[in-house]
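Hi,

Here is the structure I promised to pass on to you. Have a look at it first, and then read on for my notes.

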Amino acid sequence: MAPWPSVSARLDTFRRDLSTVANDVLGRPRTSFEWRVPLARHLAMGLPRRALLTPRTVRIERVIRETEEAVTLHLVDPEGSPFVFLPGQFLTLLVELEGETLRRAYSICSGLDEPTGGVAVTVKRVPNGRVSSLLVTQARPGDLLGVLGPSGNFTVSPDAARRRDLVLIGGGSGITPLFSMAQSVLAREPASTVRLLFANRSWDEIIFRAALESLEETYSGRFTVRHVLESAPEGWQGGLGRLDVEGCTAELEGLAGAIDETLEPPEFFVCGPEGLMAVVRDALRALRVPASRIHEERFASPGQLTSPASSSSPGQSAGSTTASAPQPLTLGGRGQGRTVVASAGQTLLEAGLGAGVAMPFSCAVGGCGACKVRLVLGSVEMEEPNCLSSEERARGFVLACASRATSAVTVEVP
Ligand SMILES: Cc1cc2nc3c(=O)[nH]c(=O)nc-3n(C[C@H](O)[C@H](O)[C@H](O)COP(=O)(O)OP(=O)(O)OC[C@H]3O[C@@H](n4cnc5c(N)ncnc54)[C@H](O)[C@@H]3O)c2cc1C
Ligand code: FES
């Protein structure tokens with residue numbers, strides 16, 4: 001259960017209300033995503049007590065414009081409590097928009113040693129994106145937000161004894177988790193090296209451009225950045241053109257440069273648009289990098305129904321069924337045995353929430369595992385890839401946010 005708001009949180013609310021009134025009087029536009037976290041609201045949302053699923057209120061301390069389309073929000077806990085996270089993890093921001101609470105995942109881009117004890121996330125506007133547009137244009141210092149997490153398995157755990165060779169490959173806003181990893185590993189692992197291959201459309205769109213340069217200076221010899229641009233300014237020395245498999249293979253070979261043989265074998269972390277990730281995957285395969293040393297993070301749900309699972313053989317193909325018809329969905333456990341109808345194309349999560357069942361969830365795109373339910377009867381199609389481990393699949397778990405029923409289904413909601 002969420003705590004009652006403390007005195008300082010109430011003061012924050014009071015201050016914000018004052019500024020809202022002042023803005024109204026002065027005719028300034030209001031920030032429409034301000035978030036309050038009264039207990040009744042949590043109960044109404046049916047959020048469970050587990051830490052991952054209990055929203056925490058954070059205050060935007062600073063807003064830094066990175067590019068025309070991207071801003072970094074520095075977040076602090078109004079109580080001063082530090083954030084505990086692993087580099088690469090993400091927060092789920094709860095944003096109120098037109099009477100709806102929208103949840104969106106944003107990777108923590110700050111390192112583990114942020115002097116404020118806070119964290120930062122960088123939001124890049126996607127065309128017609130509801131939340132990203134709002135945050136990029138309207139987030140202001142002092143605004144309060146609800147956040148869930150941190151969550152996610154795309155992580156590094158810095159360890160001073162490691163002699164790591166970390167290769168980070170990013171595209172556009174996919175730099176965010178990689179930047180957190182780079183800062184944290186460089187600061188905490190004195191013998192490790194980090195190499196970054198960073199693809200962008202143009203020079204002006206490079207997020208953290210100056211910060212990356214300064215990190216290269218600070219950790220000269222241990223951190224190198226190779227930029228690849230689709231269109232570049234005159235005299236450009238970096239890579240040029242849209243990366244294809246051949247170009248990416250060449251870039252990765254170039255990055256290898258003078259590898260220190262005493263380091264651990266390179267480990268690859270990849271985050272960017274799906275097209276780039278597919279290219280990198282093929283390039284790494286061509287370079288015979290074992291799959292166990294490749295880690296990927298996706299910012300958008302794959303939206304493909306490619307992994308049928310059934311209660312008799314979870315995780316195995318259940319034939320050529322499709323989730324194109326309404327199906328009865330029985331929600332056991334916390335769902336208290338209620339049966340609802342999942343309409344064609346609806347995820348189990350959407351069906352459960354739509355019927356008012358307190359389904360746990362956070363990122364809603366298969367990235368955090370918060371919506372895990374056990375498939376007791378029936379079969380579903382699950383979007384792939386997602387964060388579910390093979391062990392969880394073997395135990396019959398599916399992700400409610402990424403699964404659609406292909407028959408009458410019974411699941412147990414933990
Ligand atoms: C684990 C994880 C970490 C993430 N970290 C970051 C981050 O650090 N910085 C960041 O800017 N974003 C990040 N995202 C993406 C973010 O969660 C939102 O999906 C994104 O901001 C779009 O939300 P929206 O409400 O603006 O768009 P919506 O209103 O939901 O969608 C508008 C349109 O844009 C398309 N769309 C939605 N998301 C994307 C996307 N990511 N790329 C391209 N098209 C999209 C939709 O299909 C739709 O057509 C992350 C996502 C995940 C799953
Ligand atoms: S809510 Fe995050 S995986 Fe489903």
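Predicted model: local features only at pLDDT ≥ 70, side-chain atom pairs only at ≥ 80, totals over all residues.

Lys372 places its charged end over the ring of Phe397, at 5.0 Å from the ring centre.

Next, the aromatic pairs: the count comes to three. One of them is Phe179 with Phe208, where the ring centres are 4.4 Å apart and the planes meet at 20 degrees, so this pair is stacked. Phe179 belongs to helix H4 (residues 175–188), while Phe208 is in the loop between strand E8 (193–202) and helix H5 (209–218), so the pair ties together parts 29 residues apart in sequence. Phe179 is buried, with a relative accessible area of 8%, and Phe208 is buried too, at 4%.

Trp203 and Trp236 form an edge-to-face pair, with 5.7 Å from centre to centre and 65 degrees between the planes. This pair also links distant parts of the chain, 33 residues apart: Trp203 is in the loop between E8 and H5, and Trp236 in the loop between strand E9 (223–231) and strand E10 (239–240). Trp203 is partly exposed at 29% relative accessibility, and Trp236 is partly exposed at 22%.

Finally, a look at Ser110, in the loop between strand E4 (100–107) and strand E5 (119–124). Ser110 has a relative accessible area of 4%, so it counts as buried. Its side chain reaches the backbone nitrogen of Ala120 at 2.9 Å. Among the residues that Ser110 touches are Phe85, Ser180 and Gln183.

Best wishes

Technical notes
Residues numbered from 1 in each chain as written. Chains lettered and ligands numbered in written order. Heavy atoms only, no water. Helix = DSSP H or I, 4+ residues; strand = E, 2+ residues; numbered from the N terminus. Buried < 20%, exposed > 50% of the residue type's maximum accessible area, 1.4 Å probe, protein only. Polar contact = N/O pair within 3.5 Å; in protein donor to acceptor, adjacent residues only side chain to side chain. Contact = heavy atoms within 4.5 Å. Phe/Tyr/Trp six-rings, centres within 6.5 Å; stacked < 30°, edge-to-face > 60°. Lys NZ or Arg CZ within 6 Å of the ring centre and 35° of its normal. Lists of a residue's contacts leave out its neighbours within four places in sequence.
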